Amino acid sequence: MSQSTRTNEVEAAAQLINGGFSLAKKSMEQILQTPIAIERIEYDDQALDRFALVGGNEVHLLKTELKGELAGACYLIFANDDVEKINHACLPLDISSGKSADSELMKVEFLKEIDNILAASVITEFANALEILAYGDVPSLVSIPSSTLHKYIESEIKKNETVIHSRAIFHGPALSISPHFIWIFQDELLDKIKNISNN
Amino acid sequence: MKKKILVVDDTIFMRAMIKDTLTERGFEVVGEAANGESAIDLAHSLKPDLITLDNVLPDMLGLEVLTILSKSNLDCKVLMISAVGQDSMKRKVMELGALAYIVKPFNTDQLLDEVNRAFAENAA
């Protein structure tokens with residue numbers, strides 16, 4: 001494959017990701033009932049610094065693996081205070097302020113539902129454009145120290161032999177939240193883009 | 001007689017939201033399932049008039065649940081409610097006889113419109 005062809009496919013992938021992020025932004029606005037701005041950022045060491053700055057606090061990392069005809073994963077990352085603000089804005093008071101096991105479960109499940117919907121928004125963009133069947137698996141949630149987040153993401157990128165990774169920050173000024181959204185794809189994505197371009 | 005509805009979704013948050021919306025409007029949520037196997041079992045034992053079915057479940061796709069139910073002799077309508085919004089998936093689900101495909105996030109009016117339409121068609 002020539003370098004120029006590969007470049008074309010990477011550019012096409014970037015356009016699909018942009019389209020997917022736009023859909024995810026709309027979904028997030030609908031769930032949270034607040035305006036959301038999206039900031040696409042280049043992959044570098046700076047992007048996750050905000051989480052390191054919150055000191056020893058944990059971040060909530062939701063991982064969704066792709067299933068079907070597309071391989072990869074996405075990660076939706078909330079700082080601790082983001083989660084509290086979202087819960088207070090979107091959940092009934094007895095749940096958002098509750099400390100019972102049921103309330104805690106409901107908060108976790110709400111985060112998973114947000115992740116599920118945002119992941120599906122991006123996947124829909126790819127699946128429709130590439131005419132494939134793909135979907136996100138049931139998301140998993142882990143809480144990890146903010147200081148280890150960068151290392152975690154790096155290891156995921158290496159583990160998945162990723163060729164494309166993309167990142168965005170959703171800014172919700174009214175709620176003062178800034179969750180990160182990271183996508184990694186394996187190189188078969190480029191093959192699928194090539195196939196659809198050739199047909 | 002209240003219409004009986006089975007709610008299937010892997011998250012308790014979504015099940016509670018759907019259940020609350022429907023019960024407030026006079027429908028009877030007779031059961032809840034968090035996975036496909038449980039959904040199929042409850043569909044047979046509870047014989048609901050309608051099932052709200054999530055598409056991505058921990059053990060199988062809602063599409064597979066729908067395929068199994070469509071081959072059974074159950075007389076219930078299925079309303080797919082899923083974050084998976086791709087056209088090919090929607091087509092397959094509708095071909096299998098689902099009443100409608102609601103893409104998350106949705107508002108409660110959308111849900112109630114489709115549920116009311118299901119039972120209006122039943123009555124016609």
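Lys63(A), Glu65(A), Glu156(A) and Lys159(A) are joined by salt bridges into a network. The model is predicted, and over all chains it holds 13 salt bridges. Some of the other pairs, and a charged surface patch, are set out below.

**Salt bridge within a helix, chain A**
- Lys85(A) pairs with Asp81(A) in a salt bridge whose closest N and O atoms are 3.9 Å apart.
- Helix 3 (residues 80-90) of chain A holds both Lys85(A) and Asp81(A), which are four residues apart, about one turn of the helix.
- Lys85(A) counts as partly exposed because its relative accessibility is 29%.
- Asp81(A), at 38% relative accessibility, is also classed as partly exposed.

**Salt bridges between elements, chain B**
- Lys104(B) and Asp9(B) form a salt bridge, with 2.9 Å between the closest N and O atoms.
- Lys104(B) sits in the loop between strand 5 (100-103) and helix 5 (108-123), and Asp9(B) in the loop between strand 1 (4-8) and helix 1 (12-24), so this pair ties together parts of chain B that are 95 residues apart in sequence.
- Lys104(B) and Asp9(B) are both buried.
- Arg15(B) meets Glu32(B) in a salt bridge, at 3.1 Å from N to O.
- Because Arg15(B) belongs to helix 1 and Glu32(B) to strand 2 (residues 28-33), their contact ties together parts of chain B that are 17 residues apart in sequence.
- Arg15(B) is buried, at 12% relative accessible area, whereas Glu32(B) is partly exposed, at 32% relative accessibility.

**Surface charge, chain B**
- A patch of negative charge on the surface is made up of Glu37(B), Asp41(B), Asp59(B) and Glu64(B).
- Of these residues, Asp41(B) lies in helix 2 (residues 36-46) of chain B.

Conventions
Residues are numbered from 1 along each chain as its sequence is written. Chains are lettered from A and ligands numbered from 1 in the order in which they are written. This is a predicted model: local features need pLDDT of at least 70, side-chain atom pairs count only at pLDDT 80 or more; totals for chains, interfaces and linings use all residues. Side-chain values use heavy atoms; hydrogens and water are left out. Patches are made of residues with over 30% relative accessible area and no salt bridge: like charges are joined within 9 Å, nonpolar side chains (Val, Leu, Ile, Met, Phe, Trp, Tyr) within 5 Å. Accessible areas come from the Shrake-Rupley method with a 1.4 Å probe; for residues, only the protein chains shown count as cover. A salt bridge is a side-chain nitrogen of Lys or Arg within 4 Å of a carboxyl oxygen of Asp or Glu. Lys and Arg count as positive and Asp and Glu as negative; His and the chain ends are not counted. The place of a charge is taken as NZ of Lys, CZ of Arg, CG of Asp or CD of Glu. Helices (H or I, at least four residues) and strands (E, at least two) are DSSP runs, numbered from the N terminus. Buried means under 20% relative accessible area, exposed over 50%, partly exposed in between (1.4 Å probe, protein chains only).
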